[in-house]
Structures are given as structure tokens and as C-alpha cells.
Amino acid sequence: MVLMSSFVFVFVLKYRQKQNEHEQEKQQIKLEQEKTLAEVELEISEDVLKNISHEIHDNIGHSLSIAKLTLHGINAENLPEKSKATLDILTQTITDLRNLSKSMNGNYIRGIGLHEALLREVELVKASGKIQCTYQTSSGDLRISENNEIILFRCIQEAINNCLKHAQAKSLHIDSSVLNHNLVVSITDDGVGFDTSLQTAEGIGMGSMKERTRLMGGKIILKSMIGIGSTVTFEIPIYIEQS
Amino acid sequence: MFTIRLTYILLLVWSLILYKKLSRSFKWVAIMIWLTILHETIAFVLKRVELPNTFGSHIYSIALVPLFYIIYDRFLKQIPGWPWIRFVYFVVFLFCILNSIFVQSTKIIPSYNLNALSLVVIASSLLFYLKMLKEPISSPIQHQSQFWLNTAILFYHSSSFVIFSLTNHFHLNNYSLSQLKYMNIIMCCVYYPALGYSLWLNAKEMNRERSK
């Protein structure tokens, strides 16, 4: 009995020691996660600002300049047609501005859900006229957690931006489906492709996408063949809230 | 003996009250308690008419093997060495049946069965302690139902092993067995209340989980 009591006593002491170590480890992991999350958030906001800046410079600034030039050229003779052209430009600019604002607004994306946000993103890409863009889904209006939706949407935006900037692709296809309790979203282009083993592959936002995907408990798969195109696939675990 | 019988009655009522609130493995613990009380009651009644309950003891000792297996299987499924212990349980189960049929007749106490069972239960219990050390959880150890259950089982089975050895030794040297009787009473007085306490803690844990 004494032996048994001693054994249990030693076990309890040892268990408490392990418990403390475990708690410290958990705290450490939590701190690291918070740090990573803060870094990712900072990176996302920088990306967003950069995106806004580009959009303002390339689209809205350009449209407003044209509107200004058109207004300069107005005289008594061409007043009706020039004013109509200016009105069209301003209407287009307002639409662009509205779309940009929606695309940047996390709360708006949270509200409409990933599926609707992707549909609108595809419309935006199509409207830019730079590339053919299609979107196919078999997952329907499946909702994952709100935070994961916004993070995944930002990752998809990043992948689309990479394609627009670097791939020289003619077409882009986004596919979303459910496989083995995972939401699988793949973005495929027919661009120049690249060597995935090279450092540059990490440079074009891959690191940040990897980190964000890890935060969601998912994984990212990158496939590319030079001259044929690339596919970025996100696999995110679903904790289903079917709407 | 009166204390033990009172403990049995209280434990029976206690386990019946808590049964619905228990987790699956603890429901099996409750079933094991009922089986023990049933066995002890039959033994008590038969003793009154001066009949031994050795046949019942054989059945009881054989039934305990799968019961302990079910209880520990739920706790230790993920432990690497568990498939071996699972095999040992199967071997012990076969051994108990063969022993009851061919070796120790049903007219004597199935000591081989009980000792083999104690050995495998002690091994499972030590494995469970190891698992607890490897995967500590944040709640205090004294509030963990599994800790109390495991401690009670280890205490009971290691003590019964020692008592069995001492009984043999006392028999061989013609010593009085009264001391051992007291040891047995103390062992039961610790084992059953600890089981009851673990049932209560488990019901509380399950309530907390359900309310989450």
C-alpha cells in the first residue's frame, strides 16, 4: 500500500510538471500563431493598399483624365455628343470605383459569402479585358467559417493577381469543389508557367499564401509546366454551415 | 463486512442514479460494478445456506476480462503498444475459459483466472498512466475522472495480487489469515468509494461538455 501510494504520489508530481510544460508549450504556440497572424494581416493590408493604388492609378485615374480631356474639348457644336461621352466615362468610373470598394471590403465579402465574392471577382477580371476568365463550382453556396472565407478569398485574389502580372496567360479558370471534407479551389491559367523548384516561385506571394492556408488548417498545391501554364490549388477543411 | 455491504449498496444506488449521465466507457464501469455486486450478493446468499459460490466466481472472473478490455480499449486505442495488450487480453480470456474447464475445477476459487486478469489490468493501468503523462490536459489531476478510476483499479488489482501471494504464504506456514481479511476490507473500502467518486466526476465532466 505504501508502495502504491508512493507511486501515485510520484505520478501526480510528474503529471503536474508535464502539465506545466504543456501549458508553456501551448502559450508559446499561441504567441507564435498570433505573431504570424499579425504579420499576415499586415501583409494583407499592404497588398490591399497596393491594389487600391494600382486600381486608382490605372483605371480610375485614367478614366478621369479622359473625362477631363473630353470636357476640355467641349464647345457649342459638339456639346451633346461630348457630354454624353463624358457621362459614359464617369458612369464607368463610378462602377469601377464601387466594384473596387466592394472587392476590398472584408465585411462585404463576409456578408455575401465566398461563392458570390468569387463570381464578382471573375466579373471584375473579365471587365479588365486583359484575360478570359471562367468560374465553375460544384460546391454550391457552401459557407466555411467567416474568417477562413475572407482569408481564402484573399489567397485566391493573390493567385489571380500573380497570374495577371506574371503568367502572360490568355485564359484563367477557377474551379471550386468539395472533396473528402475539404473545400478545394483551384486557379488554372494557360500562361508561360515557371519552375516551381526555383526561389522566384516563393517570391511571388507564395510564402504569404502558404502561411495563410496553414492558418486555415489547409494546404496549398502548386503545379506548373513551362510553356503550358500553372495551377494553384487550395484545400481547406470544411466545418460545414450549409446555407 | 457490514461496511463493505453498505458500500456496495451505496455504490449500486449511486451508479444507477448517474448511469444516464456517464460517458460510454464509464457506463461499462457501472456495468462492471453491478456485475460485482450481483456476484457478491449471490455469494453472500449461498454462504448463508453454506454453499460455496465458486462456479459463480469462475463465470465472474471470465466476464471481467472482456469488461476491462472494453473499458481500457476506449482509453488506450491510440497507444502504440495497445494492439499487443489487446492480444494479451484475448489470450487471458482463452486461458480463463480453459482454466475453468480443464485446470482449476469449478469447485475451487479461480485464483489463476483472477491473477492473470490482475496482471493484464495492471499493465493496462500503467499504460494509461503513461498516456496521461504523454498527453496532459489542462484540468487539475484531482478533477479527472479517468485518473481516479485508473488509480482505483491499479490499487485494487495490485493489492489483490499481494493478498493472494500472502494468503499462499500464510497457508503454507499455518499462520492466521485474519490479518489478510482486514487488508481485504481496507482494499474494498478504498476501491469502491474511489470508483464512485470517479463516476461522479465523469458525470460532471459530461454535463460540462453537453452544456458547451
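## Two chains, one predicted model

Helices (H or I, at least four residues) and strands (E, at least two) are DSSP runs, numbered from the N terminus. On that basis, the elements of chain A run α-α-α-β-β-α-β-β-α-α-β-β-β from the N terminus on. That order holds 6 helices and 7 strands. Chain B has 7 helices and 0 strands. Its elements run α-α-α-α-α-α-α from the N terminus on.

This is a predicted model: local features need pLDDT of at least 70, side-chain atom pairs count only at pLDDT 80 or more, and totals for chains, interfaces and linings use all residues. Residues are numbered from 1 along each chain as its sequence is written, while chains are lettered from A and ligands numbered from 1 in the order in which they are written.

## The sheet of chain A

Start with the strands. Two strands pair if DSSP finds at least two bridges between them. Chain A has an open sheet of 5 strands in the order β1-β3-β4-β6-β5, with mixed pairing. Its edge strands are β1 (132-137) and β5 (219-225) of chain A, and each pairs on one side only. From one strand to the next, the twist averages 10 degrees.

Two of the pairings can be followed in detail. Strand β3 (residues 171-179) and strand β4 (residues 182-189) of chain A pair in the antiparallel sense over 8 bridges. L172(A) has its bridge partner, D189(A), in β4(A). β5(A) and β6(A) also pair in the antiparallel sense, over 7 bridges. In β6(A), E235(A) is the bridge partner of K219(A). The hairpin of β5(A) and β6(A) has 3 residues between the strands. There, G227(A) takes a positive phi near 85 degrees.

Contact here means that the C-beta atoms of two residues, placed from the backbone, lie within 7 Å. Axes are lines fitted to C-alpha atoms, for helices over the stretch in contact, and angles run from 0 to 180 degrees between N-to-C directions. Helix α4 (residues 146-167) of chain A touches β3, β4 and β6 (229-237) of chain A. The direction of α4 makes about 15 degrees with that of β4(A). Helix α6 (residues 206-215) of chain A touches β5 and β6 of chain A. The direction of α6 makes about 145 degrees with that of β5(A).

Which residues of α6(A) are buried? They are M209(A), R212(A) and T213(A). A residue is buried if 20 or more other C-beta atoms lie within 10 Å of its own, exposed if 12 or fewer, and partly exposed in between, with C-beta atoms placed from the backbone. Seen down the axis of α6(A), its buried residues fall within an arc of 100 degrees, so they line one face of the helix. The arc is that of the directions from the helix axis to the C-beta atoms. After α6(A) comes G217(A), whose phi is positive, near 80 degrees.

R154(A) sits in helix α4 of chain A. Why does R154(A) count as buried? Because 20 other C-beta atoms lie within 10 Å. R154(A) and R212(A) are 58 residues apart in sequence and 9.1 Å apart in space, C-alpha to C-alpha.

## Cores and burial

A nonpolar core is a set of buried Ala, Val, Leu, Ile, Met, Phe, Trp, Tyr and Cys residues joined through C-beta atoms within 7 Å. The largest such core has 41 residues. Those with the most contacts inside it include V29(B), V65(B), V92(B) and L117(B). The elements that give two or more residues to this core are α1 (2-18), α2 (24-48), α3 (54-76), α4 (82-103), α5, α6 and α7 (178-211) of chain B. L117(B) touches S61(B), L64(B), V65(B) and V92(B), not counting residues up to four places away in sequence. A second, separate core of 29 residues includes F153(A), V185(A), M216(A) and I238(A).

Of the 243 residues of chain A, 21% count as buried. For the 212 residues of chain B, the share is 30%. Among contacts with a separation of 6 or more, residues 24 or more positions apart account for 68% in chain A and 76% in chain B.

## Where the chains meet

The contact takes 12 residues from chain A and 10 residues from chain B. On the side of chain B that touches chain A, α5 (111-134) and α6 (145-172) of chain B each supply at least two residues. The largest share, 4 residues, comes from α6(B).

By class, this side of chain B has 6 nonpolar, 4 polar and no charged residues. Ala, Val, Leu, Ile, Met, Phe, Trp, Tyr, Cys and Pro count as nonpolar, Asp, Glu, Lys and Arg as charged, and the others, Gly among them, as polar.
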